[in-house]
Amino acid sequence: MLSDMTYPEVPPLLAAAVLVVVQRAKVFSPRAEYDVYAPDGTPYGSVHQAAGSGATFFGQLATISYDVVGTDGQLLMRLRKPGSIGRARFEVEWGNGQPIGSIAQENLLFAPQFALAAVDGSSARLTGGALMSWEWQLEDASGQPVGSVSKEFAGLAELFSSADRFVVQLASQLTGDLRALAIVATVCLDEVRTARQRR
């Protein structure tokens, strides 16, 4: 849980109500990299696909890791996507190795939907994206909305590269491990969509 972390204070990336997640524009590199900002452009951190996964050669069969770091370079979280064929699953842990939970793809066809399961027993679902709406809703276990993800036009870079831009909004009642999962779910969503486009 956030309160169990050893940070002197909770980093803004883990506490913000609104996050802007921008995939770095690239033309040839398949490596996933994202920058995370406040709506006013203040940097919160970044997400980097770890080198050496073998994804270039083995595709979905490769185990891929992603590091989530703050503006000071401190490792906040790590995602691991074990190699698989079909639905993707991401295991998430804190920077110190303590498990947070998992984010599992629920479907193979149409817009990806995800089940979020935290180690503290809380859960949520990220659903939507139907008919190219580019809007996803985050619902808690009782079906109540606790957040949303929406894709925005990333400018001219999107026309010539893989750049994507998402706005993530999280309700104040979304706390602890489940909030951490919700923060990184956008990266999982974008990576699954990108993998489909490569097929």
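This passage walks through the fold of the chain and then a few of its residues. The model is a predicted one, and the values below are computed from it.

To start with the overall picture, the chain has 199 residues, and 48% of them are buried. In terms of secondary structure, the chain holds 12 strands along with four helices. Contacts were also sorted by how far apart the partners sit in sequence: taking those between residues at least 6 apart, 38% link residues that are at least 24 apart.

A barrel is closed by 12 strands, arranged in the order 1-2-3-4-5-6-7-8-9-10-11-12, and their pairing is antiparallel. On average, and ignoring direction, neighbouring strands of this sheet are turned by 20 degrees against each other. For a look at one pairing, take strand 9, which covers residues 123-128, and strand 10, which covers residues 135-140: the two run antiparallel and share five bridges.

Moving on to the side chains, the structure has one aromatic pair. Its members are Y66 and F90, with ring centres 6.4 Å apart and planes at 50 degrees, a tilted arrangement. Since Y66 belongs to strand 4 (residues 64-70) and F90 to strand 6 (residues 89-94), the pair ties together parts of the chain that lie 24 residues apart in sequence. Y66 and F90 are both buried. Another ring worth a look is that of W134: K151 lies over its face, 5.1 Å from the ring centre.

L19 is part of strand 1, which spans residues 18-23. With a relative accessible area of 1%, L19 falls under the 20% cut-off, so it counts as buried. Leaving aside residues up to four places away in sequence, L19 touches L13, V36, Y37, Y44, F166, V167, V168 and I183. As for P43, it is 24 residues away from L19 in sequence, and the C-alpha atoms of L19 and P43 are 9.9 Å apart in space.

Key:
Residues are numbered from 1 along each chain as its sequence is written. This is a predicted model: local features need pLDDT of at least 70, side-chain atom pairs count only at pLDDT 80 or more; totals for chains, interfaces and linings use all residues. Side-chain values use heavy atoms; hydrogens and water are left out. Two strands pair if DSSP finds at least two bridges between them. Axes are lines fitted to C-alpha atoms, for helices over the stretch in contact, and angles run from 0 to 180 degrees between N-to-C directions. Rings of Phe, Tyr and Trp (its six-membered ring) pair if their centres lie within 6.5 Å; planes under 30 degrees apart count as stacked, over 60 as edge-to-face and the rest as tilted. Buried means under 20% relative accessible area, exposed over 50%, partly exposed in between (1.4 Å probe, protein chains only). A charge sits over a ring if NZ of Lys or CZ of Arg is within 6 Å of the ring centre and within 35 degrees of the ring normal. Contact means heavy atoms within 4.5 Å.
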